[in-house]
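Please open the model in a viewer and keep the selection panel at hand. The stops below give what to select and what is found there.

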Amino acid sequence: MAVKVYVVYYSMYGHVGKLAEEIKKGASSVEGVEVKVWQVPEILSEEVLGKMGAPPKTDVPIISPQELAEADGILFGFPTRFGMMASQMKAFFDATGGLWREQSLAGKPAGVFFSTGTQGGGQETTPLTAVTQLTHHGMVFVPVGYTFGAKMFDMEKVQGGSPYGAGTFAGDGSRWPSEMELEHAFHQGKYFAGIAKKLKGSSA
């Protein structure tokens with residue numbers, strides 16, 4: 001049976017969504033892995049989103065908390081809000097109480113990716129604080145570490161991402177993921193899928 005990897009994200013302006021696309025490509029490049037991309041539900045009204053200048057949502061399907069249990073591994077993506085995950089993703093996690101009660105996600109590998117506005121805006125605190133959600137579910141956190149190699153040490157260009165996972169800087173919203181940030185996202189997807197495949201194989 002194929003290893004099911006879910007990429008579950010929230011993206012208001014599209015930056016996290018762009019990373020999710022590359023993560024899907026990376027994970028799909030691993031033989032025997034089936035990848036599905038999902039969005040979490042929006043909690044803001046169309047009126048509020050309009051005032052914030054948010055573009056229309058994409059046609060990526062919206063996931064329900066219960067559907068998480070179908071995956072063998074999950075990568076969660078979200079933008080930061082004051083150094084922590086956006087409330088839309090937090091609200092989604094808050095709705096997973098039933099899964100927590102049954103420990104339906106326990107033992108499943110999980111990773112994170114993210115977007116921040118500035119270099120000091122949460123490239124480490126956002127994923128670090130997200131780990132608490134995974135911990136209470138008994139999930140196995142899979143950071144990307146420094147497996148991306150020498151590119152993580154490149155000081156010539158501004159680049160998002162950290163040992164916790166792939167990331168990007170949105171700035172005022174006009175900056176989109178760079179080529180290197182997208183490569184990091186592809187690598188994370190591929191690396192994570194390989195780990196998920198190993199874990200499922202060892203438990204078979």
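Eight salt bridges are present in the structure, a salt bridge being a side-chain nitrogen of Lys or Arg within 4 Å of a carboxyl oxygen of Asp or Glu. The model is predicted: local features need pLDDT of at least 70, side-chain atom pairs count only at pLDDT 80 or more, and totals for chains, interfaces and linings use all residues. Residues are numbered from 1 along each chain as its sequence is written, and side-chain values use heavy atoms, with hydrogens and water left out.

**Salt bridges**

Select Glu42 and Lys57, whose side chains meet in a salt bridge at 2.9 Å, N to O. This pair links distant parts of the chain, 15 residues apart: Glu42 belongs to the loop between β2 (33-39) and α2, and Lys57 to the loop between α2 and β3. Helices (H or I, at least four residues) and strands (E, at least two) are DSSP runs, numbered from the N terminus. Glu42 is partly exposed at a relative accessible area of 23%, and Lys57 is partly exposed at 35%. Here buried means under 20% relative accessible area, exposed over 50%, and partly exposed in between, with a 1.4 Å probe and protein chains only.

Next, select Lys51 and Glu47, joined by a salt bridge of 3.5 Å, N to O. Both residues lie in helix α2, four residues apart, about one turn of the helix. Lys51 and Glu47 are both exposed.

Then move to Glu181 and Arg175, a salt bridge whose closest N and O atoms are 3.1 Å apart. Glu181 is buried, with a relative accessible area of 1%, whereas Arg175 is partly exposed at 24%.

**Surface patch**

Return to helix α2 (residues 46-51) and select Val48. Val48 is partly exposed, at 33% relative accessibility. Together with Tyr13 and Met52, Val48 forms a nonpolar patch on the surface, with about 230 Å² of accessible area. Such areas come from the Shrake-Rupley method with a 1.4 Å probe; for residues, only the protein chains shown count as cover. Patches are made of residues with over 30% relative accessible area and no salt bridge, like charges being joined within 9 Å and nonpolar side chains (Val, Leu, Ile, Met, Phe, Trp, Tyr) within 5 Å.

**Helix α3 and the cores**

Which residues of helix α3 (residues 87-94) are buried? They are Gln88, Met89, Phe92 and Phe93. These residues lie on the same side of α3, because they cover an arc of only 140 degrees around the axis, taken from the directions from the helix axis to the C-beta atoms. They pack against β1 (3-9), β3 (73-81), β4 (84-85) and α5 (125-136).

Now select Val8, Ile63, Leu68, Ile74, Phe76 and Met89, the residues with the most contacts inside the largest nonpolar core, which has 27 residues. A nonpolar core is a set of buried Ala, Val, Leu, Ile, Met, Phe, Trp, Tyr and Cys residues joined through side-chain atoms within 4.5 Å. At least two residues of this core come from each of β1, β3, α3, β5 (109-116) and α5. A second, separate core of 22 residues includes Ala20, Leu75, Ala166 and Ala185.

**Positive phi**

Finally, select Phe82, in the loop between β3 and β4. Phe82 has a positive phi, near 55 degrees, and is exposed at 88% relative accessibility. Gln103, in the loop between α4 (97-102) and β5, has a positive phi near 50 degrees. Most residues other than glycine have a negative phi.

How values were computed: Contact means heavy atoms within 4.5 Å.
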